[in-house]
Amino acid sequence: MHDPADSKPEQAKEVGRTLTRERRKRILEALASDQRVLASDLAARFGVSEDTVRRDLRELAEEGLLRRVYGGAVPRSPPPLTYAGRRSKSVEAKDAIAATAARFLRPGQVVFFDAGTTAMAVAAHVPRDLALTVVTHSLPVASALAEHPTVEVIVLGGRLLKESLAMFGAETVDGYRGVRADLCVLGTASVHPELGLGVFSHEDAQVKRAMMSTAAEVMVVAAGEKLGITASYLVGPLSLVDRLVTDGAAPDEVTRALALAGIEIVRG
């Protein structure tokens with residue numbers, strides 16, 4: 001004869017699974033609406049512990065439904081765009097960042113300029129009377145500075161990656177390692193308070209590491225939407241970054257964490 005008491009544990013488990021599914025559905029709905037969720041807010045909303053929410057976020061991330069970030073989660077990062085596609089994104093933010101970043105350039109410096117649309121915007125803001133030596137693997141950066149009256153441009157060799165309009169490979173890496181720069185203007189796909197800088201390409205990560213390794217100062221230029229998220233390939237820890245120039249959309253909780261890591265935060 002079946003004992004009803006035997007089914008109670010299974011019923012409780014099923015109720016728990018149902019509540020978990022419903023909670024995770026609502027987490028994804030909140031993420032779609034707000035584009036960012038915090039574990040502490042979700043715990044208060046659902047009346048559960050932050051450990052429970054963090055487990056939800058971890059398992060949703062493993063399913064590819066979101067990307068975990070410092071303190072919570074953001075939507076899963078889209079695949080990287082082509083150079084032309086990236087150039088049309090966050091145009092006003094990049095221009096503000098670039099104008100601010102250009103103020104840190106000093107006469108006579110040797111400056112590494114990264115490939116990428118934000119670094120390109122900084123190149124376009126170099127004052128016409130400022131004398132610099134620019135070393136870059138970016139064709140757009142070189143083109144932007146080709147007619148500058150007082151900037152000497154050194155373009156490094158390598159294999160041309162057409163979607164980035166930039167050189168990559170061992171020759172590019174060796175080229176950067178052979179120069180001691182005063183400043184490195186570095187773009188990035190992500191800035192995470194715990195994981196550091198990230199990009200979507202292994203080759204890009206290698207070149208960026210070489211740039212950072214021989215520069216006296218590293219200035220990262222990144223729109224606020226790139227802060228607090230992660231990308232596939234680690235470039236390096238935050239300890240290698242001296243300054244971050246970003247825009248008004250940068251999340252306050254992330255910039256506070258970055259400042260605590262010793263990075264100078266400047267908003268354009």
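Helix α2 (residues 39-46) and helix α3 (residues 50-62) pack against each other at an angle of about 115°, and their axes lie 8 Å apart. That angle makes α2 roughly perpendicular to α3. Keep in mind that this is a predicted model. After this pair of helices, we will turn to helix α10.

**How α2 and α3 meet**

- Two numbers are handy here, since a pair of packed helices is described by the angle between the axes and the distance between them.
- The crossing of α2 and α3 is right-handed.
- On the α2 side, the contact is made by Ala39, Ser40, Leu42 and Ala43.
- Their partners in α3 are Glu50, Val53, Arg54 and Leu57.
- Sorted by class, the contact of α2 with α3 has five nonpolar residues, one polar residue and two charged residues.

**The two sides of α10**

- Which residues of helix α10 (residues 252-260) are buried? They are Val254, Thr255, Ala257 and Leu258.
- Looking down the axis of α10, you would find these buried residues within an arc of 160°, so they line one face of the helix.
- Arg256 and Leu260 are exposed, on the face of α10 turned away from its buried side.

**Around α10**

- The buried residues of α10 are covered by elements that include the strands β10 (190-192), β14 (243-246) and β15 (264-267).
- Just after α10 comes Gly262, which takes a positive phi of about 95°.

Methods
Residues are numbered from 1 along each chain as its sequence is written. This is a predicted model: local features need pLDDT of at least 70, side-chain atom pairs count only at pLDDT 80 or more; totals for chains, interfaces and linings use all residues. Side-chain values use heavy atoms; hydrogens and water are left out. Buried means under 20% relative accessible area, exposed over 50%, partly exposed in between (1.4 Å probe, protein chains only). Helices (H or I, at least four residues) and strands (E, at least two) are DSSP runs, numbered from the N terminus. The arc is that of the directions from the helix axis to the C-beta atoms. Contact means heavy atoms within 4.5 Å. Axes are lines fitted to C-alpha atoms, for helices over the stretch in contact, and angles run from 0 to 180 degrees between N-to-C directions. Angles under 35 degrees count as roughly parallel, over 145 as roughly antiparallel, 65 to 115 as roughly perpendicular and the rest as oblique. A crossing is left-handed if the near helix is turned anticlockwise from the far one by less than a right angle, and right-handed if clockwise. Ala, Val, Leu, Ile, Met, Phe, Trp, Tyr, Cys and Pro count as nonpolar, Asp, Glu, Lys and Arg as charged, and the others, Gly among them, as polar.
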